[in-house]
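This report is for a reader new to the structure.

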Amino acid sequence: MFEIREKPSMVERAMLVSICLPGDNVHEKQAMLDELEDLVSNLGIGIVRKELVRTRDVHAKFLCGTGKAEEVRMAAIAAEADCVVFDNMLAPSQQREWERLIDVCVIDREEIILDIFAKRARTREATMQVELARMQYSLPRMARMWAHLDRQGGGSGGGKGGGGASRGEGEKQIEVDRRLARARIESIQKDLEEVRKQRSTQRKERERQGVPTAAIVGYTNAGKSSLLRLVAEADVLAQNILFATLDTTTRKIELPDGQPLLLTDTVGFIRNLPHRLVETFKSTLEEAVLADFLIQVVDASDPEALRHFETTLEVLAELGAADKPMVAVFNKTDLIPDEERASVIETLTAAVGIPVVPMSVVREQGADSLMNACVDMLSHRVVSRTYRIPLSRSDIIAAMHRDGKVVSTEYDGNDALVTATLPKSFAQKIASYAEPGGEH
Ligand SMILES: Nc1nc2c(ncn2[C@@H]2O[C@H](COP(=O)(O)OP(=O)(O)OP(=O)(O)O)[C@@H](O)[C@H]2O)c(=O)[nH]1
Ligand SMILES: [Mg+2]
């Protein structure tokens, strides 16, 4: 496949710019600019300067006025920046205007996030999803690249036969590239459709087994994957054979009351997550939408913790998962100074209004409380009682062991008296074997 852009692997000295529009919260803009610094550094690009540009009016051409734009240009030259990264989302035309003005490559927040996603994608599905989002992002921007070529050809007056010829070639090339890009987009969409079908088959299989599911969601870097590793560690190997067909990020664990729980790690959320990415990652994030409940991991040591919590809720609402039962994990408590810890947790707890579990995943603290909180989240899903199962139905007894918690087994002639905690759906199926005396 052809490459649309060669950036940003070539750039080394980035200047970061955030245009603060009237009505924007300056404090929040600053926090996002700091976050952009993390994101850009993550791509291995050096940062030479950070600018928060406040503008009184919104202008279509540069977003800010031409005077401010000129200041940005001077700052970029002074810093010898070889690229300018905007924290704002730029329309393709604005990106072109900025590039024309500053004469270095101009990138926006969305492009940075797309590049990070591309770097992180491991599974085939994730790779396809990112590629799709990148193609869709690039399509309206493709003219930009060829406009550069045209200018160079025309401006120098020499080279390959002058401006006219080069422009014609440029235009033809854009058409060919656009057609190729559209064909590629269609083909990825088709492949993704296939993957989605497989995923839904796997999910139906899980539903049939009646195993409850929880999705771990939260702002990027909150500690979601670490949490899954911590709580699933003991069970990963033991359960691997049964669930070999599951996605690598789903693990089966056993809760203190014996119920199994399938835990799924999800992609990290971020402020202003490009809508395109939410759209393309919907199938992965569907795991969150369809889970019985959510575990939201929050980095409690981050001063922006509450804002991150709210951002995650916003993305969940966009996915249609706003009303899911949720428990919050306030992670990284080890990073909060001892004397502040209690008050930070108290303030956050009051603000989120859902059950919370303080944890330090690196210190392996709090996992037991989280497991108990999970039991509470599922309390309506299980039934504990005794069943009289004929020994000839060893398949049922095996299923009880597999999908529930068997508390005790006694034998009475040709029957087994099995006391177990089972998912409601399973309990209903074998209700005819239940011993009189009701639930306990
Ligand atoms: N100090 C401290 N660091 C932690 C804790 N939990 C996780 N981390 C660190 O935080 C970083 C991010 O952890 P991850 O588990 O990758 O976070 P994530 O939420 O999965 O991140 P994304 O997949 O990028 O969304 C890692 O460097 C972890 O070692 C904790 O309790 N305390
Ligand atoms: Mg992760």
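Which residues does UniProt list for "coiled-coil region"? The unreviewed entry gives residues 178-205; UniProt positions follow the numbering used here, feature names are shortened, and annotations may be inferred rather than shown by experiment. This is a predicted model, in which local features need pLDDT of at least 70, side-chain atom pairs count only at pLDDT 80 or more, and totals for chains, interfaces and linings use all residues. Residues are numbered from 1 along each chain as its sequence is written, while chains are lettered from A and ligands numbered from 1 in the order in which they are written.

Over residues 178-205 the chain is 100% helix and 0% strand, with the end C-alpha atoms 41 Å apart. Helices (H or I, at least four residues) and strands (E, at least two) are DSSP runs, numbered from the N terminus.

| Item in α1 | Value |
|---|---|
| Residues 26-42 | 17 residues |
| First to last C-alpha | 24 Å |

Met32, Leu36, Leu39 and Val40 of α1 are buried (20 or more other C-beta atoms within 10 Å of the residue's own; exposed means 12 or fewer, and C-beta atoms are placed from the backbone). Seen down the axis of α1, the buried residues fall within an arc of 90 degrees (taken from the directions from the helix axis to the C-beta atoms), so they line one face of the helix. The face turned away from the buried side carries the exposed residues His27, Asp38 and Ser41. Just after α1, Gly44 takes a positive phi of about 80 degrees.

Around ligand 1 there are 16 residues, of which Gly223, Lys224, Ser225, Ser226 and Gly268 come nearest (a residue is near if its C-beta atom, placed from the backbone, lies within 6 Å). Helix α8 (residues 224-240) supplies the largest share of this shell, three residues.

Key. Expected span 1.5 Å × (residues − 1).
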